[in-house]
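Dear colleague,

Please find the structure below for your records. My notes on it follow.

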Amino acid sequence: MSTSTKALNRLGWWDRVSPASKDPITGVTEAFLADTNPHKINLGVGAYRDDEGKPVVLQCVRNAEAKIAGCDFINVGRESNATAVGSKLVEESVKLAYGKDANVVKEGTLAGLQALSGTGACRLFAEFQRRFHPESPIYFPDPTWPNHPNIWRDAQVPVRTFQYYHPVSKGLNFAALMDDIKNAPDASFFLLHPCAHNPTGVDPTAEQWREISYQFKVKSHFPFFDVAYQGFASGDLDMDAQAIRIFLEDGHLIGCAQSFAKNMGLYGHRVGCLSVLCADAKQAVAVKSQLQQIARAMYSNPPIHGLLLVSTILSDPETKALWVKEVKVMANRIQQMRSTLRESLEKLASPLNWEHITKQVGMFCFSGLTADQVDRLVREFHIYLTRDGRMSMAGVTTSNVSYLANAIHEVTRYN
Amino acid sequence: MRQQFTSLEAHGFESPTTQSAFSSSISSSSATDRRLKALARHLVDASPVMDSHSQNPNDTVSPSPTSSAFHADSVFAHIVRAPEDPILGVTVAYNKDPSPVKLNLGVGAYRTEEGKPLVLNVVRQAEQQLVNDRSRVKEYLPIVGLAEYNKLSAKLILGADSPAIQENRVTTVQCLSGTGSLRVGGEFLARHYHQLTIYIPLPTWGNHPKVFTLAGLSVKTYRYYDPATRGLDFQGLLEDLGSAPSGAIVLLHACAHNPTGVDPTIQQWEQIRQLMRSKALLPFFDSAYQGFASGSLDADAQPVRMFVADGGECLVAQSYAKNMGLYGERVGALSIVCKSADVASRVESQLKLVIRPMYSSPPIHGASIVATILKDRNLYTEWTIELKAMADRIISMRQQLFDALRARGTPGDWSHIIKQIGMFTFTGLNSEQVAFMTRQYHVYMTSDGRISMAGLSSRTVPHLADAIHAAVTSFA
C-alpha cells in the first residue's frame, strides 16, 4: 500500500474540510438557546412570538390539522394525491398574491409549483433562471436577506446589488434606487421585496412602486418578488400585495416566491409556492414542466402535510376568515411593540432619533446599531440580534420592552 | 421577442436633477394624475398633454410601455416542454385509461391486496399523538433537522452498537427522503471531495444520474445486471470497479436494487468491499428499502454495516418513504461516516452550507412521526411487524406470479421472479412486449420491463400472467 493511501486510511477523505462559518441568523438562535440568563431576549430569527414570548400555533392551523387527521380519504391518498394537493395549494396561493379575480389566475397563464417555503421557491427560480438565461445576473436590494446571495450563487447565477437603504435617513434611497434600475443592462433580473423588506422594514410607497414598475417596463427588466411577509406589513393581505398588483396592472410577466412560514406560522413545515407568469397557457405548461424537472432532481416534492394544511385553510371560507383575523392580530401586536419601544427610548431621553422604529414596517427594525453596540447588547444584556443591527420586533413583549429600551439606551447614550 | 423601447434618455429625460425637478412639480395632484402625467411626458407624439420636454415629432411612437394594450413577450418564451418523467408518466397514462381491468405496475409505491395505498397503523398512532400534544409548536427545525430523529436514523441503519456512532464519527442530517439525501450528499462531494466522478450501476433508478449531474458530479456506469441470467454480472462489476480511478465515488444500492431486484450475496458484498477499500473507492449507499426487502431491518442493513465495520468512511442516504409508507412526507437522512469526531463535526458544518441555500431547513412533520415511532418500544415493535407483513405480501406475489407462469407453460425461465428481491422485478420483457401488454391487456409498467410487485394482488396475478404469456408467445 502506498504511503499516500496509508495516510488516507489514517486521516480519511475529509481531513482537509475546514469548519464552515455559522449562519448569521440561525447562529444567533443557537447562541440564545445556550444562554442561561433569565433576562435573555431573542431578537434574531424572524419568527413570531406572542406577548408571553411564546411561539404560536394559529387556531386556524389547529382547526385544519384536526380536519386532516380525521379525514381517511386524505390520509390514505398520501402519495397518490400529492399532485392534486399540490395543484390546490398553487391555485389558492396565486389567488392570494395576485388577487382572486386577476386575469392570470382566471386564464391560467402562469406556471405554478408548490415549493419548500420561500427558500425553496427562490432556489427553484434561481436554477430555472440559470438554465434558460445563463448569462444573466440577479440584482438584490442592498441590504437583503443574507441567504439570497447564497441561493443564487449555489445556482451559479452571478449576484449584483442595487441601492436601497439610506443609512442616514434610515429610509428608502429612492433616487439612487431608480438610478441603479436605469443603469443596469436592459432585461436584467431583479429581486424585489413587495412589503416588509427584510432586514430594513423600509418599503417604497405605492407611488414609488409605480415609478419602479414604469422604469422596469422601459428597461424590460424581469421582476421577481420574494413574498415572505404578506399580511405582516399592514395587517391586510391585499394591501401588502399592492406592489405585485401594480406590476400586474402594468403588464409585467413577473415571478413570485411565496412563503407561508410567517403568516401561517408554519415555519417548520416548509410550505411555499413559486409562480412564473407566462404569455399564454401553452408556455405555462412548458415552464412548469421545466420547474418540475428541477425539483425532481433536488427533492421530488415538498412534504404533503404542510401543503394540505395551507390548502385546507385557504379553500375553506370560515377557516380562511379566521386566518385573516389572526394575521391582523399578529401584525397589530408588532406595531404595538414598535410604538412602545420608541416611546420608551424617547422617555429615557435618548440622544438619538428613533422615529424609524415606527416608520419601518413588518417584523424587523433596522435599528442602526453598530456591530460593536450589538456585541455589547449580547454580552452585557443577553439580548440577541444579528450584527447588522436587525431586530425582530416579534421577539419584543410588554414584559421585556423596558429592559430592551434600557439596554439600547445604555449602549447608545455616549456616542 | 422583446420589443425595444426608446429609452427615457432619448426623450431628453436624463438626469437625477431633472428627475427631482419633475417630482417636486407634481406634489398637488392625485396619485393617478401624477402617474398619467409622468407617462404623458414620455410620449413623443404631438398630444395636447405633451410639454416642452419632448423633442422629436418624427420619431416612431412606441406604445406606452404601461398601457394596458401592451404585453411584453415572456423572457421564457423560448422554453420547450420538458419530457415527462418516464416513471411518473406511466401513472399518468394509467390514469387516462378507462379499462376496468387496468393494472398499474409502474411507480414503486406499496399497495394492499385491495390495491389501495396503505397508511401504517403506527403512523396513524404517531400522528394522533402529535396532534393531541398541544405543547407542540411549528418552529423552524435546525438546518440539520430534528436531532432526535437524526440519532435514531443513524442507529437504525448502522446498528445501535455501531462503533462509528459510539465514537461520534457519524454526522447525520435530516433530508427530503432519498432524493434529497442523495442531492445534498452529491453537492457536498462536488465541493469538498477530490474525485468528482460517481459510478452508478447499470441499470439504476432513472433519477440517479440527474440528481448527481445537477449536484456537479460526472456520472459513469459500472456493469451490474446480466440480461442473459437476469441476475448479477459479478465479473463485469468487479472489472469495472477495478478499473475505476482511485478515489472514485461508487453508488451502491444497499438492498433491493432498483429496478432489477438483483442483490449481491453476502460473499459477493465482501469481495466488493475488499476491492473498493484496496482502490480507495468511496462508497455512497442508497438505502431506500431497509426492512422492505427481506422483512428484517438488520438483514437489509448488512452490506452497509460491513463497510462501516472495517473502519472506513462512507455516505448513506436513507429513505422512510417505503418502509414507513411516508412517501409524501419526504422523510430521509444523509449520514457521513468519518474517520474521527472532529472531522465529522467539520463535515456537518459544511453540509449546513449546502442545505441553507436549498431550502433553509427540513420539514418537521414526517421526521416527528418517525422519531415518535423509533423511540417508543411498542410502536417500534409494531412497526417491524407491519413492515414484515408488507415484505411478506410482496414475496408472496412473486411466488404466485412464478407459479402462474409455470402453470401456463409460458416459455422461458422465470425463476428470477422469485430470486429477485424487493419491490421490483426486472422481467426481461423488451419494450415491444411491454407496449403490447399495455395496448392489449392494459398493463402499465416502464418500458425497461420493470414491474412493481407491490402493485399486484392475488386477484390480479392471473391477468398479468396472461399478459406476459401472450406477449412472450407473440413476440419471441
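Before the remaining findings, the conventions. This is a predicted model, in which local features need pLDDT of at least 70, side-chain atom pairs count only at pLDDT 80 or more, and totals for chains, interfaces and linings use all residues. Residues are numbered from 1 along each chain as its sequence is written, chains are lettered from A and ligands numbered from 1 in the order in which they are written, and side-chain values use heavy atoms, with hydrogens and water left out.

Interface

The side of chain A that touches chain B is made up of 41 nonpolar, 26 polar and 27 charged residues; here Ala, Val, Leu, Ile, Met, Phe, Trp, Tyr, Cys and Pro count as nonpolar, Asp, Glu, Lys and Arg as charged, and the others, Gly among them, as polar. In total, 94 residues of chain A and 97 residues of chain B take part in the contact (heavy atoms within 4.5 Å). About 8,200 Å² is buried between the two chains, with carbon and sulfur atoms giving 57%; this is the accessible area (1.4 Å probe) that two parts lose on being put together, summed over both.

Six salt bridges are counted between chain A and chain B, each a side-chain nitrogen of Lys or Arg within 4 Å of a carboxyl oxygen of Asp or Glu. One salt bridge pairs K352(B) with E30(A), with the closest N and O atoms 3.7 Å apart.

Chain A

Chain A has 18 helices and 13 strands, taken as DSSP runs (helices H or I, at least four residues; strands E, at least two) numbered from the N terminus. Its C-alpha atoms fill a box of roughly 70 × 65 × 55 Å along the principal axes.

Over all chains, the whole structure holds 33 salt bridges. In the one between D51(A) and R333(A), the closest N and O atoms are 3.1 Å apart. D51(A) lies in the loop between β1 (41-42) and α3 (59-70) and R333(A) in helix α15 (residues 317-347), so the pair ties together parts that are 282 residues apart in sequence.

Backbone features

A cis peptide bond, with omega about 5 degrees, joins D142(A) and P143(A); P143(A) lies in the loop between β3 (138-142) and α8 (147-154) of chain A. In chain B, the peptide bond from L202(B) to P203(B) is cis, with omega near 0 degrees. S220(A), although not a glycine, has a positive phi of about 55 degrees.

Yours sincerely
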